[in-house]
Each structure stands twice: as structure tokens, then as C-alpha cells.
Amino acid sequence: MVNTPDGPATVHLTVRGGEVRVTAWGPGAERAGAAVPAWLGAEDRPEEFEPGAHPLLSRVHRASPWLRLGRTGRTWDALVPAVLEQKVTVIEAHRVWRALLRLAGEPAPGPAPEGMRVPPTPQRVLAVTDWEWHRCGLDGARRRALRAVASVAARLEPEEAVDCPDLQRRLQTVPGIGVWTAAEVVQRVFGCPDTVSYGDYHLKNLVGWSLAGRRTDDDGMMELLEPWRGQRQRVVRLLGIGGSRPPRRGPRVAPTNYRRF
């Protein structure tokens with residue numbers, strides 16, 4: 001389910017005989033269907049990546065010829081979940097996302113399963129009241145960031161003259177959108193092979209442990225990734241497939257239920 005300039009669309013993909021078949025419904029069906037190759041990474045250029053002499057990267061790269069960095073070309077549908085993921089656990093972000101879809105998302109067009117929703121439009125997000133946000137379990141900081149981006153959403157959609165750094169800078173002019181959120185969005189919108197989620201709670205230690213056998217901070221992560229500048233996000237994705245993380249110590253972080261406050 002996606003939003004397009006022509007309206008919402010539901011897209012169904014099947015693979016038969018090595019070919020991807022696309023069926024789409026809704027006002028935005030034609031535009032969404034035409035975007036499917038880019039979603040699946042047809043515009044990605046993995047052949048430009050050279051893992052170098054690092055044995056782990058070389059091994060994972062050879063074993064993962066299927067890895068492609070897809071691009072959606074749409075900022076808003078990537079921005080909403082990225083804001084909801086700010087400084088919370090994945091479980092909590094998914095819970096709020098489901099609640100928001102039930103509250104403000106329109107039913108998916110076509111023969112979609114019961115209960116499936118299209119991501120809410122900026123106008124619908126701005127219409128959500130504070131009490132409804134509270135029922136969704138969304139804290140004040142993310143609520144303000146989401147309203148801020150919804151108020152300028154039309155100016156954040158990519159244009160042909162905009163690249164990853166341009167969109168990142170534009171996003172970071174919006175209150176509540178920092179380096180991490182901007183990076184997460186451009187990764188999804190452009191399939192950018194180089195943008196790294198600086199400030200991610202877990203990522204720095206995945207990179208540090210996989211490439212150097214030690215924990216590190218964000219600056220140390222970027223230093224370790226420097227030999228692959230231009231392809232650093234691809235390296236991160238490869239490490240997510242075949243890398244390793246430091247051993248856990250202590251209990252996991254418990255999700256915060258903001259609906260109790």
C-alpha cells in the first residue's frame with residue numbers, strides 16, 4: 001500500500017518462472033506499478049562495489065548476489081515510520097504504527113485483506129487530535145516532529161535535481177528531524193548506497209564488532225567504514241546479513257507505554 005501523486009494504491013507482486021508480475025489497484029495503480037522495478041533494486045549498481053581485502057565482506061558479498069538497494073522515490077511514506085522509530089524499540093515503533101494506521105489510514109484499494117490500510121496522508125495526520133495521539137501511544141517529541149513534517153510534506157518530495165545530500169539537508173531544517181531520521185529516509189527514498197544511519201543505537205557496534213572485533217562509537221564506526229566511502233550503506237547491509245554483534249550484557253530495554261502517562 002502506497003501513496004502516490006495520483007492517490008493511494010495497493011500493489012501485489014508474484015514471481016513465476018523467474019519473472020515478477022505486478023498487479024495494482026486504486027487511483028495510483030499505474031504510477032505505483034511503474035515504480036516496482038526501482039522498489040526491487042533495478043536501478044542499483046552492486047557491480048560498482050569492491051569489498052577489498054576484508055575477508056568477511058568478501059565472503060558475504062559473494063554469498064549475497066541477490067542484495068539490491070531499492071528506492072521508493074516517495075519521501076512521505078518513508079518519513080512517517082522513520083519518525084515513529086526515533087529513540088524507541090522496534091516493538092514500540094511497530095505498535096504505534098499499527099495504531100496510527102487503524103486511526104488515520106484509509107482502507108487499501110482493491111481486493112486487499114481485511115484491515116489493511118494505506119499510510120495516512122499529511123492532511124490526515126494534521127487532523128489527529130492530541131488525545132488520539134495519546135491513545136496511539138505516541139510521546140510528545142515524536143508527535144511534534146510528525147506534525148512538523150506533515151505541515152511541509154509537499155516540499156520534501158524528491159525532484160530530479162535533488163540527490164541524497166540535498167534531501168538530507170532539507171529534512172534537517174524541519175524541527176524534530178535529525179541526522180539519523182534524515183539518513184533513514186534517504187536510504188529508502190533513493191536507495192542511497194553510501195548514507196549511514198549515524199546515531200543508531202545498535203549499528204555502531206554491529207560495524208565495530210564485525211570489522212574490528214570491538215565495540216565503538218559513531219565516529220569510530222564512520223572511521224571503520226571510510227575505506228568504502230561511496231558504498232558505506234551497502235557495507236552496513238552486508239554486515240546485517242553476515243556480520244556479528246557483541247555479546248549482550250544485562251536485560252533488554254523494555255518498551256515504554258506512553259498511553260499510561
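The paragraphs below describe the domains, then their interface, and then the cores.

The structure is a predicted model. Its domain assignment gives domain 1, made of residues 46–69 together with 193–250, and domain 2, which covers 75–190. Taken over C-alpha atoms, the centres of domain 1 and domain 2 are 27 Å apart.

The two domains meet at an interface in which seven residues of domain 1 are in contact with eight residues of domain 2. The size of an interface is often expressed as the accessible area lost when the parts come together. Between domain 1 and domain 2, about 540 Å² is buried, and carbon and sulfur atoms give 51% of that area. On the side of domain 1, Thr 195, Ser 197 and Tyr 198 lose the most area to domain 2, together accounting for 72% of what that side buries. Four residue pairs are in polar contact between domain 1 and domain 2, whereas zero salt bridges are found across their interface.

Attention now turns to the nonpolar cores. The largest of them has 36 residues, and Leu 79, Leu 84, Leu 100, Leu 146, Val 149 and Leu 171 touch the most other members. At least two residues of this core are supplied by each of helix 3 (75–84), helix 4 (90–104), helix 7 (140–151), helix 8 (164–171) and helix 9 (179–190). Helix 3 provides the largest share, seven residues. With neighbours within four places in sequence left aside, Leu 79 is in contact with Val 149, Leu 156, Leu 171, Ile 177, Thr 181 and Val 185. Another core, of 18 residues, lies apart from the largest one and includes Leu 203, Val 207, Val 235 and Leu 239.

How values were computed: Residues numbered from 1 in each chain as written. Predicted model: local features only at pLDDT ≥ 70, side-chain atom pairs only at ≥ 80, totals over all residues. Heavy atoms only, no water. Core = buried A, V, L, I, M, F, W, Y, C linked by side-chain atoms within 4.5 Å. Buried < 20%, exposed > 50% of the residue type's maximum accessible area, 1.4 Å probe, protein only. Helix = DSSP H or I, 4+ residues; strand = E, 2+ residues; numbered from the N terminus. Contact = heavy atoms within 4.5 Å. Domains from an automatic or database assignment. Buried area = accessible area lost by both parts, 1.4 Å probe. Salt bridge = Lys/Arg side-chain N within 4 Å of Asp/Glu carboxyl O. Polar contact = N/O pair within 3.5 Å; in protein donor to acceptor, adjacent residues only side chain to side chain.
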